[in-house]
Amino acid sequence: MTKTFVAVLACTALPTFAQESPAARSLAATCTACHGPDGKSVAPEMVALAGLSREHIASQMRAFRDGARPSTIMQQIARGYSEQQIDLIADYFSRRPR
């Protein structure tokens, strides 16, 4: 095997989340206080976001933002996110292993 071929193989073997934007990581970091590091909640009453589908996470964030899903705090938090930011957050957590 050539060194170039080995280097290409090594790069393709990286986990998908290693290639995510710093913006996605930064936005998702705001969720960790409640939902745990990388969305792996340690509190039984808090939803773990890791591994949920991106469609589910995004739809729930939009429901909080738009007032369709009542909550104690998520409505206020979700109002601060744009459509693109919600999609980035949803994509980030959907790629995390459960």
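## Overall fold

Of the 98 residues that make up the protein chain, 31% count as buried. The model is a predicted one, and its secondary structure comes to six helices and zero strands, so that reading along the sequence gives the pattern α-α-α-α-α-α. Among the contacts in the chain with a separation of 6 or more, 60% are accounted for by residues 24 or more positions apart.

In soluble globular proteins, nonpolar side chains tend to be buried together. Here the largest nonpolar core has 18 residues, and those with the most contacts inside it are Ile-57, Met-61, Tyr-81, Ile-86, Ile-89, Tyr-92 and Phe-93. At least two residues of this core are supplied by each of helix 2 (22–29), helix 4 (54–66), helix 5 (74–78) and helix 6 (83–94). Helix 6 provides the largest share of the core, namely five residues.

When its neighbours within four places in sequence are left aside, Met-61 is in contact with Met-74, Ala-78, Tyr-81, Ile-86 and Ile-89.

## The buried side of helix 2

In helix 2, the buried residues are Ala-24, Leu-27 and Ala-28. Because these residues cover an arc of only 95° around the axis, they are placed on the same side of helix 2. The elements that cover the buried residues of helix 2 include helix 3 and helix 6.

## The largest pocket

Rolling a probe the size of a water molecule over the atoms shows where empty space is left. In this model, the largest pocket has a volume of about 510 Å³. It is lined by 24 residues, of which His-35, Met-46, Leu-49, Phe-64 and Met-74 are the closest to its centre. Two or more lining residues are given by each of helix 3 (32–35), helix 4 and helix 5.

Helix 4 gives the most to this lining, with five residues. Sorted by class, the lining of the largest pocket consists of 16 nonpolar, six polar and two charged residues.

## Asp-38, between helix 3 and helix 4

Asp-38 lies in the loop between helix 3 and helix 4, and its phi is near 55°, a positive value in a residue other than glycine. Why does Asp-38 count as partly exposed? Its relative accessibility is 34%, and the partly exposed class runs between the limit for buried residues, under 20%, and that for exposed residues, over 50%.

Not counting residues up to four places away in sequence, Asp-38 touches Thr-32, Ala-50, Tyr-92, Phe-93 and Arg-96. Asp-38 and Ala-28 are ten residues apart in sequence, with their C-alpha atoms 7.8 Å apart in space, and Ala-28 is one of the buried residues of helix 2.

## Gln-75, in helix 5

The place of Gln-75 is in helix 5. With a relative accessibility of 15%, Gln-75 counts as buried, because that class takes in residues under 20%. Apart from neighbours within four places in sequence, Gln-75 is in contact with Phe-64, Gly-67, Arg-69 and Pro-70.

Ser-59 is found in helix 4, where it is partly exposed, with a relative accessible area of 36%. The C-alpha atom of Ser-59 is separated by 9.0 Å from that of Ala-90, although the two residues are 31 residues apart along the chain.

Ser-82 is found in the loop between helix 5 and helix 6, and its relative accessible area of 33% makes Ser-82 partly exposed. Between Ser-82 and Arg-65 the distance is 9.7 Å from C-alpha to C-alpha, for a sequence separation of 17 residues.

Terms used
Residues are numbered from 1 along each chain as its sequence is written. This is a predicted model: local features need pLDDT of at least 70, side-chain atom pairs count only at pLDDT 80 or more; totals for chains, interfaces and linings use all residues. Side-chain values use heavy atoms; hydrogens and water are left out. A nonpolar core is a set of buried Ala, Val, Leu, Ile, Met, Phe, Trp, Tyr and Cys residues joined through side-chain atoms within 4.5 Å. Buried means under 20% relative accessible area, exposed over 50%, partly exposed in between (1.4 Å probe, protein chains only). Helices (H or I, at least four residues) and strands (E, at least two) are DSSP runs, numbered from the N terminus. Contact means heavy atoms within 4.5 Å. On a 1 Å grid over the protein atoms alone, a cavity is a set of points where a 1.4 Å probe fits but cannot get out, and a pocket is an open set with protein on both sides within 12 Å along at least five of seven lines; lining residues have an atom within 4 Å of a point. Grid points are joined across faces, edges and corners, and a volume is the space filled by probe spheres set on the points. Ala, Val, Leu, Ile, Met, Phe, Trp, Tyr, Cys and Pro count as nonpolar, Asp, Glu, Lys and Arg as charged, and the others, Gly among them, as polar. The arc is that of the directions from the helix axis to the C-beta atoms.
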